[in-house]
Amino acid sequence: MVTNSSFTPSSTVSCSPDTASAFLFPSFKYFPSIPVNVSDSPKTTTNLSTFVKAFLLPTQLSPMTETLPEPRHSELLRKPELASEFPDAVDIEHSPVILICGHGGRDMRCGVMAPILEEQFRKILESRGIYTPAGPDNDKFDRPDRAHIGLISHIGGHKYAGNVIIYIPKSMKYGDSSVAHPLAGRGIWYGRIEPKHVEGVVEETILGGRVLSDHFRGGIDHDGTILRL
């Protein structure tokens, strides 16, 4: 699934139509600078297509592609060696990421609910001592006392608004202890989240590592495995 988001690009990268930034899940990575267009320099060919080949294409093809010519198979498969073209990628190990569907053009329910939920998540998290900045800052991007909240485009099921996906990093700890967070490395998708539910989501899921079954729509593990209750 590919979505647009409201996250402000890193302060170390100038905002320009030639550069984009991206979060990648369930790999838990942040890319502060992805060239959208091929550079005029013959030494630099990295662009958005390189990013797609390095991280978004599948590692194996479905049986439906068996009739395609062999050279075409190679074109459709991921090229892990291209990952080295993005040396500024940041591994997200401590900071949870909260994504809220805010696609008002597709369905007004998400468009109306999302900004309210975003503000409520920010308020509750900051009351628990977790900083929620407006935009990423690479020097302090991934810390236990920091969370990232953003609105994203269509993810399906607007009748379940508000739709919230919470990603818990692989090295996040349980509270102030050295114990691993029970949901570390997983993404949890909730539906029908209202402002009155946000405090419970923060306390139970983000801080407590427990899934709220009444709102659970699905989940994903760090290796791409689909999670069910």
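**Pockets, cores and loops**

Colleague: How do the residues of the lining of the largest pocket divide?
Modeller: There are 27 nonpolar, 12 polar and 3 charged residues in that lining. Nonpolar here is Ala, Val, Leu, Ile, Met, Phe, Trp, Tyr, Cys and Pro, charged is Asp, Glu, Lys and Arg, and the others, Gly among them, are polar. Bear in mind that this is a predicted model, where local features need pLDDT of at least 70 and side-chain atom pairs pLDDT 80 or more, while totals for chains, interfaces and linings use all residues. Residues are numbered from 1 along each chain as its sequence is written, and side-chain values use heavy atoms, without hydrogens or water.

Colleague: And what is the volume of the largest pocket?
Modeller: About 1,300 Å³. A pocket is an open set of points on a 1 Å grid where a 1.4 Å probe fits, with protein on both sides within 12 Å along at least five of seven lines, and lining residues have an atom within 4 Å of a point. The volume is the space filled by probe spheres set on the points, which are joined across faces, edges and corners.

Colleague: Which residues lie nearest the centre of the largest pocket?
Modeller: Met1, Val2, Thr3, Phe23 and Phe25, out of 42 lining residues. Elements that each give at least two residues to the lining include strand E1 (19-24), strand E2 (29-35) and helix H1 (48-56). Strands E6 (164-168), E7 (186-190) and E8 (216-220) do that as well. (Helices of at least four residues and strands of at least two are DSSP runs, numbered from the N terminus.)

Colleague: Where does the largest pocket lie relative to the domains?
Modeller: It lies between domain 1 (19-90) and domain 2 (92-227), because both give residues to its lining. The C-alpha centres of the two domains are 26 Å apart. The domain bounds come from an automatic or database assignment.

Colleague: What about the second largest pocket, which residues are nearest its centre?
Modeller: Pro144, Met172, Lys173, Gly175 and Asp176, from a lining of 15 residues. The volume of this second largest pocket is about 270 Å³. Its lining splits into 6 nonpolar, 5 polar and 4 charged residues.

Colleague: Switching to the cores: how many residues are in the largest nonpolar core?
Modeller: It has 26, and those that touch the most other members are Ile98, Ile100, Phe121, Leu125, Val164, Ile166 and Ile206. Such a core is a set of buried Ala, Val, Leu, Ile, Met, Phe, Trp, Tyr and Cys residues joined through side-chain atoms within 4.5 Å. Helix H3 (108-127) is one of the elements that supply at least two residues of this core, and H3 brings the largest share, 6 residues. A second, separate core of 17 residues includes Phe23, Phe25, Phe28 and Val90.

Colleague: What is Val164 in contact with, leaving aside neighbours within four places in sequence?
Modeller: Ile98, Leu99, Ile100, Leu117, Phe121, Ile188, Trp189, Tyr190 and Ile193.

Colleague: Now the backbone. Where does Pro26 lie?
Modeller: In the loop between E1 and E2. A cis peptide bond joins Phe25 to Pro26, with omega about 5°. Phe28 lies in that loop between E1 and E2 too, and has a positive phi of about 55° although it is not a glycine.

Colleague: Is Phe28 buried or exposed?
Modeller: Phe28 counts as buried, at 1% relative accessibility. Buried means under 20% relative accessible area, exposed over 50% and partly exposed in between, with a 1.4 Å probe and protein chains only.

Colleague: And where is Arg192?
Modeller: Arg192 sits in the loop between E7 and H4. Its phi is also positive, near 55°. With a relative accessible area of 45%, Arg192 is partly exposed.

How values were computed
Contact means heavy atoms within 4.5 Å.
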